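I opened this model to look up a few points and wrote them down as I went. The entries follow in the order I took them.

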Amino acid sequence: MSSQDASAAREDAQAFIETFQAIKGEVSRMMVGQDAVIDGVLTALMAGGHVLLEGVPGLGKTMLVSSLGRAVDLTFSRIQFTPDMMPADVRGTSVLVETEGGGHELQFEEGPIVANLVLADEINRATPKTQSALLEAMQERQVTVGKRTIVLEEPFCVMATQNPVEQEGTYPLPEAQLDRFLFKLVVGYPAEADYKEILRRTTGGTDVELSAVSKGKTVNKMRKIVRSVPVPEHAEDYAIRLVMATQPGSRYAPALVNRYVALGSSPRGAQALLLGAKVKALLAGRFAVAVEDIQAVALPVLRHRMMMNFEGLSEGVTSEKVVSEVLGSVEANAGAPV
Amino acid sequence: MMDEFPEGSANGGEDPLFRRDLDVIAERASADISKAYSGREFKRILRASLPLIALVPLFYFLTQVAYWNQGGDPRLAPAILVVLTAVGLPVLFGWIASREARRIAIGRGHAMGKVDGQLQLEGRLQAADDFVRRPLLTGFERAAIEDAATRTEAAKTVALQHDPAQVQWGRASALWAAAGVVFVLGSLWVGTWEMQARYRAETANEALVAAAGELAEPLIEERAPAPAVPELPEPKALEALSKTRQGAAIPERADASPDISESVKESAGKTGAGRSSGALSSSAGSESRSAPSAQGQTSEPGDPDSQAKPAPKKKAKAQADEPAPEEKPEDEESGATAGKGSSKGSNKNPTASDWKSRDQVTESDDQEIDDDEEAEDDEESQENRGGVQPSLRDRRPPVSRDLQIGFGNRPNPDANGRGGPSEQKKSRGVASLVLGVPIPDRIKGRPGPGPTKITQERIEPQAEEAGTVTATSRGPRSGSTGPLGHLDLEPDLKALVRRYFLSRRAAP
């Protein structure tokens with residue numbers, strides 16, 4: 001019985017790796033030179049979280065998400081956020097429709113949020129009121145309009161993009177909204193060698209056609225596998241210490257955090273660390289989370305969960321620098337004599 | 001692929017060999033880590049205790065110097081003992097710290113983590129060691145244990161290269177060691193110098209005794225032998241000893257004898273022969289300080305030679321400078337002259353005799369005393385005149401008491417503020433006696449502005465007609481309403497806020 005359990009776990013882990021690589025390979029047919037971003041997006045998808053993509057225009061953020069939707073065969077919707085957008089434009093609203101008998105009745109029309117994969121393009125262009133329409137959907141996986149509550153179908157994943165350059169007429173995401181994103185991935189410029197392939201694929205006569213290599217049900221199964229990866233006590237302790245080290249005033253906080261950070265990560269950060277680390281452990285061929293897995297996902301998990309104080313902003317201290325400092329200061333093995 | 005994941009199954013069928021392997025790995029790793037920490041602690045405490053290498057010799061050196069200044073033998077302990085103490089104390093402290101570090105319990109998880117890190121197992125052993133203690137195991141936990149079991153052989157044989165934070169010795173360590181060497185050498189030098197100084201003092205003493213022995217008999221015959229007085233050392237010998245301690249060059253033994261004999265001859269031929277010893281104790285402070293202590297050490301009561309020599313000098317000095325007929329006993333005078341350890345070479349020494357104090361008062365002191373007396377006379381005369389009144393030396397005219405009104409509206413040109421009409425009233429009477437300097441009592445404003453003239457005019461009221469406005473329809477406003485205040489920020493403040501948020505949202 002025990003050996004059967006172990007062999008089944010090995011099969012699950014192998015299936016997970018194969019599915020992950022298949023989806024990544026399909027998306028990579030469209031996206032060139034963004035392997036780390038693709039890995040991050042797929043990790044968040046498998047871990048059951050949402051992703052905030054930040055990058056300048058023209059780097060393929062929107063194309064990445066739409067490619068993922070096609071590769072996984074998920075229902076995909078795109079919301080272009082604008083300052084005049086209202087919450088009803090996201091969640092849906094009741095509209096008056098004419099009935100057969102000549103009468104009228106209110107009928108609920110679902111908004112674009114009701115889909116498997118939602119691309120919230122330029123999310124910081126919408127007002128905070130509209131942005132907050134996503135809160136319930138991202139956390140509770142349901143939407144409430146009036147007295148009607150719609151449970152969103154799994155897998156549900158919001159992938160939002162924002163442009164860090166054009167800040168005029170934008171509304172920065174509030175902390176409560178940011179905390180609900182599992183990862184914040186920064187999309188950078190591709191390498192010199194990748195430009196040729198990008199140009200060849202996008203300016204040639206033939207379009208790249210993506211095919212679905214997986215389905216929504218498979219993704220749900222992968223998510224269960226991820227959840228079943230055990231976390232040893234030392235790794236759990238390390239994740240907790242890491243999150244506490246981002247909180248100014250805590251016993252693990254380094255001097256940089258105490259000086260420049262106004263708000264540290266919440267317990268949601270620790271959850272995100274372990275979920276991301278579980279995916280990394282499976283991809284590394286292990287059956288339990290290791291400290292190295294937590295360290296691998298620490299930056300995308302923690303960078304958007306910290307808020308610098310005025311001194312930190314004026315000194316140009318970035319959250320990436322703080323995360324690096326935290327990783328260097330927190331001991332991987334607790335209980336060392338010195 | 002498994003559709004449902006079991007909650008867990010009993011952990012009863014695990015291989016006991018695997019647990020034993022884990023125990024062996026953990027014990028070995030703990031021992032290796034403990035050993036490494038023990039060594040590190042030894043180095044750390046040794047590094048922290050390095051100042052003792054310099055401080056112990058320094059303490060010994062200072063103690064030597066203190067003993068030497070008090071006339072004691074600075075050779076308190078052998079130099080090798082000091083060196084051993086200076087080196088041995090840091091080693092002892094390091095050994096104690098190392099032994100304490102061995103007692104610190106190394107956590108099993110920590111030890112496993114180190115093995116994982118060295119073998120790059122990415123936490124497999126640590127995770128398996130955690131899972132084997134759980135009562136219920138899931139499929140993934142069993143898979144993790146089995147995965148780790150294949151790697152225990154390498155873990156059992158590997159020697160843990162635990163490398164705790166190394167102790168940085170740095171340049172300070174070398175400096176401490178160098179300072180220790182310097183202080184040890186200094187201590188050795190002090191001991192050697194003291195031996196040389198003693199040897200020279202003894203040889204000078206012997207020469208003095210030999211030279212003075214021939215001249216002692218006539219002096220003894222002139223004066224009656226004094227009663228029991230502590231033995232006084234030979235001044236030249238003391239001088240030589242003190243000079244050697246101050247690093248001054250001293251004459252060689254061959255050169256010292258003629259000087260001593262000459263001085264003895266000179267003192268024997270003059271009545272004021274004791275003046276040299278008096279000057280020794282009064283004018284040269286350092287010499288007089290060292291002389292009494294040396295006397296106390298070398299004197300032996302009942303020695304007729306030592307009793308005879310200072311007494312005639314003292315007596316002769318007293319007879320030459322002091323006409324006072326009152327004669328003090330021999331022992332008292334000799335004790336005062338010798339200082340008995342209390343003479344500091346100052347003219348204010350209460351134990352010094354009167355004739356000596358008057359002798360040593362300088363002219364500048366006399367001038368100061370004269371000035372003081374004159375000042376006291378001034379103050380005394382002022383007190384007799386009332387204390388706070390102006391001094392007669394000022395030669396100012398007396399205060400006018402004329403209360404006559406001046407010349408019309410003009411102020412009295414003779415007014416001095418003390419009385420009569422003047423622009424400024426000054427205090428007078430008792431209040432003026434309170435302070436030494438009269439303070440003007442100014443009155444602001446005019447005390448009597450005079451009568452107020454009120455002029456009244458009578459005017460008859462006149463009726464005025466008020467025109468009525470007829471109600472008419474009014475059209476829309478024509479023209480602009482002008483600038484309106486808006487709630488927006490000023491342009492510079494707007495720019496400031498914009499810069500702030502731009503910096504805040506700046507991409508890394």
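Which residues of chain B does UniProt list for "transmembrane region"? The unreviewed entry gives residues 45–67, 79–98 and 174–193. I note here that the model is a predicted one.

**Entry 1: the listed stretches.** I checked the backbone over two of these ranges. For residues 79–98 of chain B I read 100% helix and 0% strand, with 29 Å between the end C-alpha atoms.

**Entry 2: chain B overall.** I counted 19 helices and four strands in chain B. Chain B has 508 residues, and 30% of them are buried. I put its accessible surface at about 34300 Å², with 55% of that belonging to carbon and sulfur atoms. Of the contacts in chain B between residues at least 6 apart in sequence, 72% join residues at least 24 apart.

**Entry 3: B:L84.** Is B:L84 buried or exposed? I found a relative accessible area of 55% for B:L84, so this leucine counts as exposed, the cut-off being over 50%. B:L84 sits in helix α3 of chain B, which spans residues 79–103. I also found B:L84 in a nonpolar surface patch of about 510 Å², together with B:I80, B:L81, B:V83, B:V87 and B:V91.

**Entry 4: B:S38.** I then went to helix α1 of chain B, residues 16–48, which contains B:S38. B:S38 counts as buried because its relative accessibility is 3%, and the limit for buried is under 20%. Which residues does B:S38 touch, leaving out those up to four places away in sequence? I list B:S98, B:A101 and B:R102.

**Entry 5: helix α6 of chain A.** In chain A I looked at helix α6, residues 133–140, where A:A133, A:L134, A:A137 and A:M138 are buried. These four lie on the same side of α6(A), because they cover an arc of only 105 degrees around the axis. What covers the buried residues of α6(A)? I noted elements of chain A, including α4 (87–91), β5 (117–121), α5 (128–131), β6 (142–145), β8 (157–162) and α7 (175–178). After α6(A) comes A:R141, which has a positive phi, near 60 degrees.

Key. Residues are numbered from 1 along each chain as its sequence is written. Chains are lettered from A and ligands numbered from 1 in the order in which they are written. This is a predicted model: local features need pLDDT of at least 70, side-chain atom pairs count only at pLDDT 80 or more; totals for chains, interfaces and linings use all residues. Side-chain values use heavy atoms; hydrogens and water are left out. Helices (H or I, at least four residues) and strands (E, at least two) are DSSP runs, numbered from the N terminus. Buried means under 20% relative accessible area, exposed over 50%, partly exposed in between (1.4 Å probe, protein chains only). Contact means heavy atoms within 4.5 Å. Accessible areas come from the Shrake-Rupley method with a 1.4 Å probe; for residues, only the protein chains shown count as cover. UniProt positions are given in the numbering used here, feature names are shortened, and annotations may be inferred rather than shown by experiment. The arc is that of the directions from the helix axis to the C-beta atoms. Patches are made of residues with over 30% relative accessible area and no salt bridge: like charges are joined within 9 Å, nonpolar side chains (Val, Leu, Ile, Met, Phe, Trp, Tyr) within 5 Å. A salt bridge is a side-chain nitrogen of Lys or Arg within 4 Å of a carboxyl oxygen of Asp or Glu.
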